[in-house]
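Please consult the sequence and the model shown below while reading.

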Amino acid sequence: MKNPTALPFFGLVLSAALATAGAAPSNTTDVLVVGSGGAGMGAAIAAREAGADVIMIEKLAMVGGTTLLSSTAFNAGGSQVQMAMEKPYTADDYFKKLEAGANGKELENLRQLADASGPTADWLIDMGADLGRVINGSQHTPKDGSALGVNLVPAMKARVDALKVDTRLRTKAESLITDEKGRVTGVRVSSPQGGYAITAKTVILATGGFASSPEMVAKYTPVWAGCPSTASVGATGDGIVMAEKVGAALSQMDLTGPQSVAYDTGHGAVSLTNVRYNGAILVNKEGKRFFNELGNTAKLGEAITKQTGGTAWLVFDQASVEHAALMSEYKEKGYFTEAPTVAELAKKLGVDGKALEATVADWHGVYDTKTDKAFGRKDSIFSRLDKAPFYGAKISPASQTTYGGVMRDLKCRAVRADGTAIPGLYVAGEVASQYGQGVSIGVVLGRIAGTEAAKEALGK
Ligand code: ADP
């Protein structure tokens, strides 16, 4: 050998050069997570905690998806916070609440969601999310009543980063790669660096719903066709389309949780659910209540579309504004019309003044007796509607949560119409067929899918 030291030296130089340039990232992993909302991050964290290597890709330039936009709550039953309440709220209570709104299908999955929701709330709290205030039994919100998503997503992202998940933004899954036996072995992506393939032992689709795809909304949930979307621009059903191409069955496609109270800011629709949950009543142009404000969102949305002009107004008072930090934020943003009396508010809003005064007087009775004979509302009777100033906001329904999606088994594996699992493919969150509540569907299923996909990838 002419120069025995040359090779090791070259090695050192090469590794130093790679360290400076940043070594090319590997495109092979144990678990590949597609999407970075509550489901994607939940899956990535759970898979890393189970010991797997994880790549998480996101087509947008930021993480969070529709989860980041969530204004109100993470729904669960049986969390430590709930079990410490004077009247504990159990997983069973939550299951019963969910069952009432579901269409009687896939009840085993619904049960699993309810059972896993409390421990998942505890898991999120342990990683630093503020879910310390419980309202209406199942809803965990930040302690000061501020928006959920902007609290939850940074806490989850911090955990993702601490676990060193390889997170790739502006990286869009275009199609699934399968081998000759039909096993999903990776994903073809597009990115600003060009297209490439990522190979994985297991792939989790966590791409969210389809509320921001006008074509899919018209196809599967025509009742909301033409309505705006309050979901992320990324919620275009990509995972549903990709999974269907490899043989996955779709289920419950017409079951939706629209945003019943979307406010048009002039540059996009935003959810005013938080206003609905902080004591407001809803009235029509004739100044009358017409539905339980806290009722099933789809039924409420449909009721609103049937009112004059397909619209309604949230009406509330200063007590509601003081009930949650987010309410003051909305007020500062100029979302609310304000007036010193109910009659003047009615005039500004363009609703019947005499009727609105009568409606508010009726509401005093509902507040005093905590009984809503007309519409059976039981929750969020926080305000008597007698503390000036008075406020109103014009709202209409929008597409938001889509419950229909890829059929799954209890391990969150994507399944075919005959119930057999597609090897290597998992679904989590809104991409899956799952009734529930948007944010908890995401994180609860994400955690299950991440754990199961890691187990399979590691041969456990
Ligand atoms: P979930 O609550 O189910 O997590 P979210 O809407 O919060 O749903 O998150 C879904 C995320 O997936 C969004 O950030 C969205 O941009 C991302 N996404 C959707 N389609 C793709 C795709 N083809 N490739 C990568 N990311 C995607």
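Contact means heavy atoms within 4.5 Å. Helices (H or I, at least four residues) and strands (E, at least two) are DSSP runs, numbered from the N terminus. This is a predicted model, in which local features need pLDDT of at least 70, side-chain atom pairs count only at pLDDT 80 or more, and totals for chains, interfaces and linings use all residues. Residues are numbered from 1 along each chain as its sequence is written, and side-chain values use heavy atoms, with hydrogens and water left out.

**Helix packing**
- In α2, Gly38, Ala39, Gly42, Ala43, Ala46 and Ala47 meet Gly442, Val443, Gly446, Arg447, Gly450, Thr451 and Ala454 of α16.
- The contact of α2 with α16 comprises six nonpolar, six polar and one charged residues, with Gly counted as polar.
- The axes of α2 and α16 (residues 438-457) are 7 Å apart, at an angle of about 35 degrees; these axes are lines fitted to C-alpha atoms over the stretch in contact, and angles run from 0 to 180 degrees between N-to-C directions.

**Ligand shell**
- Around the ligand are 23 residues, of which Ala39, Glu58, Thr67, Asp238 and Glu430 come nearest (a heavy atom within 4 Å counts as near).
- With three residues, α3 gives the most to this shell.

- A polar side-chain atom of threonine 67 is 2.6 Å from a ligand oxygen atom (a polar contact is a pair of N or O atoms within 3.5 Å).
- An N or O atom in the side chain of aspartate 238 lies 2.9 Å from a nitrogen atom of the ligand.

Technical notes: A polar contact is a pair of N or O atoms within 3.5 Å; within protein, one must be able to donate a hydrogen and the other to accept it, and residues adjacent in sequence count only if both atoms are side-chain atoms.
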